[in-house]
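Please report on the local features of the structure shown below.

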Amino acid sequence: ARRDSLTGLLNRRAFEEAFAARDPAAGPYCLALCDIDRFKRVNDDHGHAIGDRVLAAVGRKLAEECAPHLVVRHGGEEFVILFQGTDLAAAHEKLDDVRTAIGTKRFRIRETDSPLGKVTISVGVTTVANSDPASIALDRADQLLYQAKAAGRDCIKAA
C-alpha cells in the first residue's frame, strides 16, 4: 500500500507519512516536483507499455541520483523528492545533474532497437518551512513546475 508497483518507488501515501514525520532538527528541507515532459506523446506514439518503461527508467534514475533522499512516484508522470539536510542551492544543483542525465540518455525501444527520442523533465523545487503542511509545500512546487513548463520545459524553477 506504500509502494508503486510500476516503478518500485514509494508512493504518495509514503511521502505524506514521511513529510508529516520529518524532524525539524534534521533540516533544512526542500521539496521538488518533477514531471516528464510531453509524456502523453510517448504513450500516444509508442503505446502504454513503452510509456511504463520510460516511467520506470526515469524513476530509477531519480532514485539513484538523489539518494539518500526520499523519491516517490506521486502519480501519473510526476515524482516528488523530499530533500533532508539540503538547502535550496544544493537541491537545485542535484536536480540539474539528474535533469541533464535524463535528457542526455538515449532511450531505445527494446523490441526494435529504434530510438524513442529525447526524454526530458521539468522541475519545481522549493524550501520547506518547519510549519508547512505537505499541501502548501506541494502547491508551491507545483506553481514552480508550471513556470518551468512555461519557460520551455527541460528546466528547473526554484524558490
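Arg153 is partly exposed, at a relative accessible area of 29%; buried means under 20% relative accessible area, exposed over 50%, and partly exposed in between (1.4 Å probe, protein chains only). The model is predicted, so local features need pLDDT of at least 70 and side-chain atom pairs count only at pLDDT 80 or more, while totals for chains, interfaces and linings use all residues. Residues are numbered from 1 along each chain as its sequence is written, and side-chain values use heavy atoms, with hydrogens and water left out.

**Backbone geometry**

Arg153 is not a glycine, yet its phi is positive, about 70 degrees. Arg153 sits in the loop between α5 and β7 (156-158); helices (H or I, at least four residues) and strands (E, at least two) are DSSP runs, numbered from the N terminus. Asp154 is found in that loop between α5 and β7. Phi of Asp154 is also positive, near 55 degrees, in a residue other than glycine. With a relative accessible area of 22%, Asp154 is partly exposed.

Two cis peptide bonds can be described next. One joins Gly27 and Pro28, with omega about 5 degrees; Pro28 belongs to the loop between α1 (12-20) and β1. Another runs from Ala67 to Pro68, with omega near 10 degrees, and Pro68 lies in the loop between α3 and β2 (70-75).

**Salt bridges**

Side chains of opposite charge can pair when their charged atoms come close. A salt bridge is taken as a side-chain nitrogen of Lys or Arg within 4 Å of a carboxyl oxygen of Asp or Glu. By this rule the count comes to 12 salt bridges. The table lists some of them.

| Salt bridge | N to O distance |
|---|---|
| Lys149 and Asp35 | 2.5 Å |
| Lys40 and Asp44 | 2.6 Å |
| Lys61 and Glu65 | 3.5 Å |

Lys149 counts as buried because its relative accessibility is 17%. Asp35 is buried as well, at 8% relative accessibility.

Lys40 and Asp44 both belong to helix α2 (residues 39-46), where they are four residues apart, about one turn of the helix. Lys40 has 59% relative accessibility and therefore counts as exposed; Asp44 is exposed at 52%.

Lys61 and Glu65 are four residues apart in helix α3, so about one helical turn separates them. Lys61 is partly exposed at 23% relative accessibility, and Glu65 is partly exposed at 24%. Elsewhere, salt bridges with shared partners join Asp35, Asp37 and Lys149 into one network.

**Packing of α3 and α4**

Which angle is found between helix α3 and helix α4 where they pack? Helix α3 (residues 48-66) and helix α4 (residues 88-104) pack at about 145 degrees, with their axes 10 Å apart. Axes are lines fitted to C-alpha atoms, for helices over the stretch in contact, and angles run from 0 to 180 degrees between N-to-C directions. The contact (heavy atoms within 4.5 Å) involves Val58, Lys61, Leu62, Glu65 and Cys66 of α3 and Lys94, Val98, Ala101 and Ile102 of α4. By class, the contact has six nonpolar, no polar and three charged residues; Ala, Val, Leu, Ile, Met, Phe, Trp, Tyr, Cys and Pro count as nonpolar, Asp, Glu, Lys and Arg as charged, and the others, Gly among them, as polar.

**Cysteines**

The structure holds zero disulfides, a disulfide being a pair of cysteine sulfur atoms within 2.5 Å. For Cys34, the nearest cysteine sulfur is that of Cys66, 6.9 Å away. Cys34 is buried at 1% relative accessibility, and Cys66 is buried at 1%.

**Leu116**

Leu116 lies in strand β5 (residues 114-117) and counts as buried because its relative accessible area is 13%. Not counting residues up to four places away in sequence, Leu116 touches Val42, His46, Ile50, Val54, Phe107, Arg108 and Ile109. Phe83 is 33 residues from Leu116 in sequence and 31 Å away in space, C-alpha to C-alpha.
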